[in-house]
Amino acid sequence: MAIVATVTVANCTRDDAAALPDSPFPPGVDHRKEAVNGVEVGQRLMAAGEYELALDSFTRAALDQGMTPEILTGIGTANLGLGRLGQAEPMLRRAVSEAPDWPEAWNNLGVLLMETGELSEAKQVFQKAYALDNGESDSIRDNLRIALAKSENVVHTEPQQEEFKLVQRGQGDFVIRKTP
């Protein structure tokens, strides 16, 4: 019986014990490598519907890169996804003032205006985004169609209870879709 126990213990020892590190803790962070771009991480998180984490990522990216129009749009859109319309609006308005030729920023501002019920301004903003995009983006065209349809149907006396969802299409543009 003692022979069996000795053979079992001998089989449990490792021959490559010299390859193990001296510390029982996991290895640290490799600071020599380049960190992943915070804007890219934020966009991925937005696509996954993780708006709070995306907001954190865009905020960290702003520390490194400054408040670029892309970061302003990301922060505004993340706040829009969280339902923080009052916080989203100044960010999106600032983004379109700093990058007046960027259709995605105009589109996201239009989505915000649709959510706040400002249909006439939303229609104008979507028209601007559509013109800047040369009609190439399906999501901007769909948003413009929704805004035009809603602005034509203003004669309804009863409020419509429709819920819309923010959906990302590509790199930073969003479309409003009805939730089923």
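**Notebook: helix packing and a few residues**

I started with the pair α6 and α7, where α6 passes α7 in a left-handed crossing. By left-handed I mean that the near helix is turned anticlockwise from the far one by less than a right angle, and clockwise would be right-handed. This is a predicted model, so I kept local features to pLDDT of at least 70 and side-chain atom pairs to pLDDT 80 or more, while totals for chains, interfaces and linings use all residues. Residues are numbered from 1 along each chain as its sequence is written, and side-chain values use heavy atoms, with hydrogens and water left out.

**α6 against α7**

I looked up the geometry next: α6 covers residues 103-116, α7 covers residues 119-132, and they pack at about 160° with axes 8 Å apart. That angle makes α6 roughly antiparallel to α7. On this scale, angles under 35 degrees are roughly parallel, over 145 roughly antiparallel, 65 to 115 roughly perpendicular, and the rest oblique. Axes are lines fitted to C-alpha atoms, for helices over the stretch in contact, and angles run from 0 to 180 degrees between N-to-C directions. I listed the contact residues (contact means heavy atoms within 4.5 Å): α6 brings in Trp106, Leu109 and Leu113, among others, and α7 gives residues including Ala122, Val125, Phe126 and Leu132.

**α7 against α8**

The axes of α7 and α8 come within 9 Å and cross at roughly 150°. So α7 is roughly antiparallel to α8. This crossing is left-handed. From α7 the contact includes Leu119, Phe126 and Tyr130, and from α8 it includes Ile140, Leu144, Ala147 and Leu148. Phe126 is listed in the α6 contact and also in the α8 contact.

**The loop and the repeat**

I checked Asn134, which sits in the loop between α7 and α8 (138-152). Its phi is near 60°, a positive value in a residue other than glycine. Most residues other than glycine have a negative phi. Asn134 is exposed, at 62% relative accessible area. Here buried is under 20%, exposed over 50%, and partly exposed in between, with a 1.4 Å probe and protein chains only.

Where is Thr73 found? I found Thr73 in helix α4 (residues 69-81). Thr73 counts as buried because its relative accessibility is 2%. Leaving out residues up to four places away in sequence, Thr73 touches Leu92, Ala95, Trp102, Ala105 and Asn108.

Met46 belongs to helix α2 (residues 38-47), and at 4% relative accessibility Met46 counts as buried. The C-alpha atoms of Met46 and Ala78 are 7.0 Å apart, though 32 residues separate them along the chain.

**Whole chain**

The chain has eight helices and two strands, in the order α-α-α-α-α-α-α-α-β-β; helices (H or I, at least four residues) and strands (E, at least two) are DSSP runs numbered from the N terminus. Of the 180 residues, 34% are buried. Among contacts between residues at least 6 apart in sequence, 48% join residues at least 24 apart. The chain exposes about 11,600 Å², and carbon and sulfur atoms supply 54% of it. Accessible areas come from the Shrake-Rupley method with a 1.4 Å probe; for residues, only the protein chains shown count as cover.
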